[in-house]
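Thanks, everyone. Let me put the model up, and then we'll go through it.

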Amino acid sequence: MTLHNTKPVIKAAVLATLAILTLTALTRIAAAQSGAWPTILREGAEEYAESCAACHGTDFKGSGELGQKLFKKPHDLTEIAKRNGGVFPFRRVFDVIAGDQTVEGHDTMHMPKYAERMKREDFQPGYNPAHVRILELTHYLESIQARQ
Ligand code: HEC
């Protein structure tokens, strides 16, 4: 083999190795993103941005444009656990979002029951059933709790 011929072979080998390494990395990233847990949190975040951030804010502290106009400013959603002795009250939060437990500000003229709106979207392509989305939202809120 002459030197003249060797160079392209080495180049090809290096390129092939790089391609394999890149593919492996991409596959790992895809696997991490498509795992059930990351999916739950990602879909919860998407629903939050769509349905909740207007009042509660993208910072969860009630800074949303609509939140500023409410007669009762929403509490900081990152401190739900802190306000509850360090324990995230999963069931209560689920019930609030589902509209099964009323808090001032939800289920009043200020806040339609989200569950009802979500239920109307059930079975539409691209939408999870309402109870799944409420669960995802609750898990998402649990995941953004401030460290105590
Ligand atoms: C129209 C404004 C508005 C929208 C939209 C809204 N909220 Fe609220 N939310 C409030 C107000 C007002 C309160 C009552 C004050 C408080 O307890 O923080 C509240 C309270 C809460 C509470 C209770 C907080 C606690 O510490 O007990 C949770 C949980 C909550 N909202 C979650 C959500 C989620 C999830 C969404 C989206 C599906 C949402 N909210 C959409 C206004 C809103």
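How much space lies in the second largest pocket? About 160 Å³. Keep in mind that this is a predicted model.

So who lines that pocket? On one side of the list we have Glu-43, Glu-46, Glu-47 and Glu-50. Two helices each supply at least two of the lining residues: H2, residues 36-51, and H8, residues 130-143. H2 gives the most, with four.

Let's stay with H2. This helix has 16 residues. From its first C-alpha to its last it reaches 22 Å, close to the 22 Å expected at 1.5 Å a residue. Which residues of H2 are buried? Thr-39, Gly-44, Glu-47, Tyr-48 and Ser-51.

His-56 lies in helix H3, residues 53-56. Is His-56 buried or exposed? Buried: its relative accessible area is 13%, and the cut-off for buried is under 20%.

For contrast, take Arg-120. Arg-120 lies in helix H7, residues 114-121. Its relative accessibility is 62%, so it counts as exposed, the cut-off being over 50%. Ala-130 is 10 residues from Arg-120 along the chain, and their C-alpha atoms are separated by 8.5 Å.

Now step back to the whole protein. How many helices and strands does it have? Eight helices, zero strands. Read along the sequence, the pattern is α-α-α-α-α-α-α-α. The protein has 148 residues, and buried ones make up 33% of them. What about contacts between residues at least 6 apart in sequence? Of those, 47% join residues at least 24 apart. Last, the surface. The protein exposes about 9,900 Å². Carbon and sulfur atoms supply 63% of that area.

That's the tour. Happy to take comments.

Definitions and conventions: Residues numbered from 1 in each chain as written. Predicted model: local features only at pLDDT ≥ 70, side-chain atom pairs only at ≥ 80, totals over all residues. Heavy atoms only, no water. 1 Å grid on protein atoms, 1.4 Å probe; cavity = no way out; pocket = protein on both sides within 12 Å on 5 of 7 lines; lining within 4 Å. Points joined across faces, edges and corners; volume = space filled by probe spheres on them. Buried < 20%, exposed > 50% of the residue type's maximum accessible area, 1.4 Å probe, protein only. Expected span 1.5 Å × (residues − 1). Contact = heavy atoms within 4.5 Å. Areas by Shrake-Rupley, 256 points an atom, 1.4 Å probe, with all protein chains shown as cover.
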